[in-house]
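Please open the model in a viewer and keep the selection tool at hand.

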4 protein chains.
Amino acid sequence: MAGSVNKAILIGHLGRDPESRNSQGGDLIVNLSLATSESWKDKATGERKERTEWHRVVIFNEALAKVARDYLRKGSKVYVEGALQTRKWTDQQGQERYTTEVVLQRFRGELTLLDGKTGDDTGRSAPRENSAPGAGPGGGASGRGYDLDDEIPF
Amino acid sequence: MAGSVNKAILIGHLGRDPESRNSQGGDLIVNLSLATSESWKDKATGERKERTEWHRVVIFNEALAKVARDYLRKGSKVYVEGALQTRKWTDQQGQERYTTEVVLQRFRGELTLLDGKTGDDTGRSAPRENSAPGAGPGGGASGRGYDLDDEIPF
Amino acid sequence: MAGSVNKAILIGHLGRDPESRNSQGGDLIVNLSLATSESWKDKATGERKERTEWHRVVIFNEALAKVARDYLRKGSKVYVEGALQTRKWTDQQGQERYTTEVVLQRFRGELTLLDGKTGDDTGRSAPRENSAPGAGPGGGASGRGYDLDDEIPF
Amino acid sequence: MAGSVNKAILIGHLGRDPESRNSQGGDLIVNLSLATSESWKDKATGERKERTEWHRVVIFNEALAKVARDYLRKGSKVYVEGALQTRKWTDQQGQERYTTEVVLQRFRGELTLLDGKTGDDTGRSAPRENSAPGAGPGGGASGRGYDLDDEIPF
DNA sequence: TTTT
DNA sequence: TTTT
């Protein structure tokens, strides 16, 4: 038995372009840096205040990783649903460190684009089309190796 | 503008009794250590595997902090809803560290007890009744300083 | 004890302008008609299909009702969080009917505007400024009777 | 593009045993009747009040439908996550009616048992073991046609 | 450190 | 590092 639920639901903007890499097994993994912010008026001073929270999002879900890589960029507004996971690592001083991430595992999680600001736009970020390693002149839609109609959930 | 959402939804068990303290302003703050777990069968080896994730929960919401202090204990099963917040601190070596917590701010968040295992039970943990600092022999319900009917959401 | 959770989370677009009314006690109540849609490719025919779901949202939460009345209009994209509630009513034939709504009760629920398409825009819908019943020529911001800085969460 | 989210999250108790049937295509479909309740103290009268809300849950997700059929019964406490869907039907007077349900589609939704009150217990409800239509003396675990270790997520 |  |  587990009877557990572990779910994070975020809506925010990407602070930079998605970062893609491949696992040792060759699977695509995409990292997002996502900002959420809340603002309020300080009761004491009357000042308007804002707090921005930064979230690390890691996408192992294959279909959603492709969407993120190809259609998101710096500034994109997204809905993300995943699980909280705290990862232990060792820093350069040999000290144990912990990092908490929102993880979209295989066949799990959700990712939905909430604005039209995608990697296909002419924008301040490089287009996502050629961002896949090894995508040469013969690239493009058919070079992706998958059918857009199947893969894009938005 | 914000247009942001920052929400964590957890169902799990407390790994130890809630820890209560007071802010400099005298407000009650309660910390929970909450475990969620998922299990699956390894495709390759056929082994049953389990991964437990530990979450730090911090309750600033006054009514919910009292509920947590008085009615939860080690082993309690709870539903928790809060916001993700990453806090920076400095360790003893003077190094910057980060800790991510699920925070229930004033008037925000939710906490619901999902089993009957509360601090009022005769259990392996000390009853919650006397856990408030300074609660002497004359303590008990009326010593709480609040009306149970008003405060307990479950 | 209850140990219950009843929560609906929706992101979609308004099918028409918000509808405002007042309760017998004078409280503002706002109704939204919200569409969510999902699309997929039919495995058999290869056709692209889409299903739109319409949700009735009822806002009793005072601050959020004002936001909805003043800042949303037909086409606005919103995040809504409320509770499911099924209401019984009697139709003109004297038959019992049931309607399920997503309800934001007093001090409960969430509403976040996800695009810039508000009632202040020059758009196809009438501006929200003067939509409050009885708002005359002397209306406007100060006529609202509340401080925008306090009330608007986005 | 859709950019939609349609999600209901419920924790409550079953009002009766799950009801199983098969689609024309032979797929298992399970219906649950789920109660959530909230209680509060009436400010005016001081009375304690409670409101129970009943939800119709329909499970098309194959693995979760089997879990529901075999492990849930009247009184079981469950976490359910699905999408809101309103279905039109015609009553015996030929009148159009609408019913809103929480639907767990194929490969979608979540279902988690939150207590130990399952169909395997000796309880007031008939055990789920033999509830599948046509399950004869040769039934039981192996007769289920699936591996418990694979199917049961809790 | 929980739970099954 | 985002967004308003």
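The stops below treat the chain pairs, then the salt bridges, then an annotated segment.

**Stop 1: chains A and B**

The coordinates are those of a predicted model. Select chain A and chain B together.

Now display the contact itself. Chain A contributes 32 residues and chain B contributes 31 residues. Between them the two chains bury about 2600 Å², and 42% of this area is on carbon and sulfur atoms. Highlight A:Val5, A:Leu84 and A:Arg97, which supply 18% of the area that chain A buries against chain B, more than any other three residues.

Colour the strands of chain A next: β1 (5–14), β3 (28–41), β4 (48–59), β5 (77–90) and β6 (96–104) each supply at least two residues of the side that touches chain B. The largest share of that side comes from β1(A), with 9 residues.

**Stop 2: chains C and D**

Chain D is laid on chain C by a turn of 180° and a shift of 0.0 Å along the axis, with an RMSD of 0.0 Å. The two copies are thus related as by a two-fold rotation axis. In chain D, the C-alpha of D:Ala8 is nearest the axis, 2.1 Å from it. The same surface serves both copies, as 100% of the contact residues of chain D recur in chain C.

The contact takes 31 residues from chain D and 31 residues from chain C. About 2600 Å² is buried between these chains, with 42% given by carbon and sulfur atoms. Select D:Val5, D:Leu84 and D:Arg97: within chain D they lose the most area to chain C, together 19% of what that side buries.

The interface of chain D and chain C has a count of 0 salt bridges and 12 residue pairs in polar contact, both at pLDDT 80 or more. On the side of chain D that touches chain C, two or more residues come from each of β1 (5–14), β3 (28–41), β4 (48–59), β5 (77–90) and β6 (96–104) of chain D. Of these elements, β1(D) gives the most, with 9 residues.

**Stop 3: salt bridges**

How many salt bridges are counted over all chains? The count comes to 52. One network of salt bridges links A:Lys7, A:Glu81, A:Arg108 and A:Glu110 with D:Lys7, D:Glu81, D:Arg108 and D:Glu110.

Next, centre on B:Lys66. This residue forms a salt bridge with B:Glu62, the closest N and O atoms being 3.5 Å apart. B:Lys66 and B:Glu62 are separated by about one helical turn, because they are 4 residues apart in helix α1 (residues 62–71) of chain B. B:Lys66 is buried, with a relative accessible area of 15%, whereas B:Glu62 is exposed, at 53%.

Move to chain D and select D:Glu96 with D:Lys88, whose side chains meet in a salt bridge of 3.5 Å, N to O. D:Glu96 counts as partly exposed at 42% relative accessibility, while D:Lys88 is exposed, with a relative accessible area of 51%. In chain C, select C:Lys88 and C:Glu96, which form a salt bridge with the closest N and O atoms 3.5 Å apart. C:Glu96 is partly exposed, with a relative accessible area of 42%.

**Stop 4: an annotated segment**

Finally, select residues 54–60 of chain A. An unreviewed UniProt entry annotates this span as "DNA-binding region". What is the helix and strand content of residues 54–60 of chain A? The span is 0% helix and 86% strand, and its end C-alpha atoms lie 20 Å apart.

Terms used
Residues are numbered from 1 along each chain as its sequence is written. Chains are lettered from A and ligands numbered from 1 in the order in which they are written. This is a predicted model: local features need pLDDT of at least 70, side-chain atom pairs count only at pLDDT 80 or more; totals for chains, interfaces and linings use all residues. Side-chain values use heavy atoms; hydrogens and water are left out. A salt bridge is a side-chain nitrogen of Lys or Arg within 4 Å of a carboxyl oxygen of Asp or Glu. Buried means under 20% relative accessible area, exposed over 50%, partly exposed in between (1.4 Å probe, protein chains only). UniProt positions are given in the numbering used here, feature names are shortened, and annotations may be inferred rather than shown by experiment. Copies are superposed by least squares on the C-alpha atoms of residues with pLDDT of at least 70 in both. Contact means heavy atoms within 4.5 Å. Buried area is the accessible area (1.4 Å probe) that two parts lose on being put together, summed over both. A polar contact is a pair of N or O atoms within 3.5 Å; within protein, one must be able to donate a hydrogen and the other to accept it, and residues adjacent in sequence count only if both atoms are side-chain atoms.
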